[in-house]
Amino acid sequence: MRAMRATAHTNIALVKYWGKRPDGGRDLNLPAVGSLSMTLDEYRTVTVVRPRAAADAFALDGATLTGAAADRVAKHLDRVWRTRGAEAGPRPSCEVDSVNHVPTAAGLASSASGFAALTLAAAAALSEDMVEGMAEGDGADRRLLSALARRGSGSAARSLWGGFVRLDRGEEADGRDCIARPVASRHHWDLKMLIVHTTTGAKTVGSTGGMELCKNTSPYYGAWVASSQRDLDSATSRLQNRDLRGLGEVMEHSCFKMHASMWAARPPLIYWNGVTVEVMREVQRARADGLQGWATSDAGPHVKVLCEAATADALVARLESVVGVVDVKALGVGPDPKVEAAT
Ligand code: PMV
């Protein structure tokens with residue numbers, strides 16, 4: 001085992017993943033719907049995995065991880081280790097040091113970059129050859145790493161590439177056709193994602209619990225799942241054709257359908273706050289004034305606005321003026337993850 005560092009960038013879903021497939025076994029973490037995302041250029045996680053003589057020790061942003069969070073990391077290291085086969089014996093103890101370069105207390109999901117970076121650093125540290133072939137060949141190595149990352153967090157499967165990435169749902173029970181792949185490079189289109197922070201608090205209900213609640217209680221969950229493949233195909237082709245209006249419309253529709261399914265759960269799952277709604281309305285008003293931007297939001301109260309780079313400054317100024325907005329940041333399309341030797 002050796003000490004390795006991985007940097008992975010977070011991503012925002014243009015067509016959302018929300019819900020898990022009932023088949024395939026829980027640890028495979030297969031999504032009920034496919035998704036499409038844009039990798040971001042600044043928000044990222046840097047993770048170092050190194051050998052440790054004593055028991056495992058994990059830290060996030062300088063604080064020791066304990067309890068369920070530590071168990072989740074240990075379980076993920078075990079998954080990566082098991083790819084070496086049964087004859088590899090017990091997994092060596094690891095020290096994991098992770099730093100999120102995402103504004104702290106922003107409540108923005110960092111599980112995508114977090115599990116992508118952990119998967120890459122662990123694979124490189126625990127196995128000499130798993131990450132080596134990542135940049136070459138037919139991409140099979142990276143798809144395998146992406147499938148491993150998915151088992152830690154669904155959205156992490158998409159952070160194995162820069163640019164724009166699609167994760168297909170697949171049909172096979174063993175998940176072999178649930179595959180992420182890049183659909184356009186980061187140079188395909190000069191887009192920005194404006195991250196509109198609507199509060200400084202952290203998120204309340206985790207995504208796995210929220211998905212489970214929707215599946216079990218929301219009458220709209222079935223409609224959400226049934227209509228998602230069409231959104232995915234249409235958004236993918238609009239992205240490839242650089243049709244911002246077309247892509248933006250599908251993106252907003254996917255977001256609002258996901259949240260409608262959450263609102264119809266029992267008890268209702270409301271991730272938004274009042275400022276979230278005011279920002280959404282301002283995006284609509286800006287469009288009516290000729291400023292083209294489209295909004296989306298995830299399992300939290302922040303809004304993300306997709307626009308062309310040339311429109312970003314004007315839209316940022318408008319969104320900063322919405323009462324209650326804490327901060328607006330314009331991020332570009334992000335790069336591939338990076339793996340290097342650490343000390
Ligand atoms: O990767 P998870 O389990 O944190 O789920 C992510 C769910 C959403 O962020 C709401 C949507 C998505 O596709 O990223």
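## Contacts along the chain

The model is predicted. Of the contacts in the chain between residues at least 6 apart in sequence, 77% join residues at least 24 apart.

## Overall build

The chain has nine helices and 12 strands. Its C-alpha trace spans about 60 × 40 × 40 Å along the principal axes.

How does the radius of gyration of the chain fit a compact globule? With 343 residues, such a globule would have a value near 20 Å, and the chain has 20 Å, so the two agree.

## Burial and surface

Among the 343 residues of the chain, 53% count as buried. The accessible surface comes to about 14300 Å². Carbon and sulfur atoms account for 51% of that surface.

## Charges

The chain carries 41 positive and 39 negative charges.

Some of the charged side chains pair up: a search of the whole structure finds 22 salt bridges.

## Two pairs with partly exposed residues

Arg151 and Asp27 form a salt bridge through their side chains, at 2.7 Å from N to O. The pair links distant parts of the chain, 124 residues apart: Arg151 lies in helix α3 (residues 140–152), and Asp27 lies in the loop between β1 (4–15) and β2 (35–51). Arg151 counts as partly exposed because its relative accessibility is 23%, a value between the limits of 20% and 50%. Asp27 is also partly exposed, with a relative accessible area of 26%.

In a second salt bridge, the closest N and O atoms of Glu95 and Arg50 are 3.0 Å apart. This pair also links distant parts of the chain, with Glu95 in strand β5 (residues 94–101) and Arg50 in strand β2, 45 residues apart. Glu95 has a relative accessible area of 25% and is therefore partly exposed.

## A buried pair and a network

Lys257 and Asp231 meet in a salt bridge whose closest N and O atoms are 2.6 Å apart. Lys257 sits in helix α7 (residues 244–263) and Asp231 in helix α6 (residues 228–240); the two residues are 26 residues apart, and the pair links distant parts of the chain.

Are Lys257 and Asp231 buried or exposed? Lys257 counts as buried because its relative accessibility is 18%, under the 20% limit. Asp231 is buried as well, with a relative accessible area of 8%.

Salt bridges that share partners also join Arg166, Asp168, Arg181 and Asp233 into one network.

Terms used: Residues numbered from 1 in each chain as written. Predicted model: local features only at pLDDT ≥ 70, side-chain atom pairs only at ≥ 80, totals over all residues. Heavy atoms only, no water. Helix = DSSP H or I, 4+ residues; strand = E, 2+ residues; numbered from the N terminus. Rg over C-alpha atoms; globule rule 2.2 N^0.38 Å. Buried < 20%, exposed > 50% of the residue type's maximum accessible area, 1.4 Å probe, protein only. Contact = heavy atoms within 4.5 Å. Areas by Shrake-Rupley, 256 points an atom, 1.4 Å probe, with all protein chains shown as cover. Lys, Arg positive; Asp, Glu negative; His and termini not counted. Charge placed at Lys NZ, Arg CZ, Asp CG, Glu CD. Salt bridge = Lys/Arg side-chain N within 4 Å of Asp/Glu carboxyl O.
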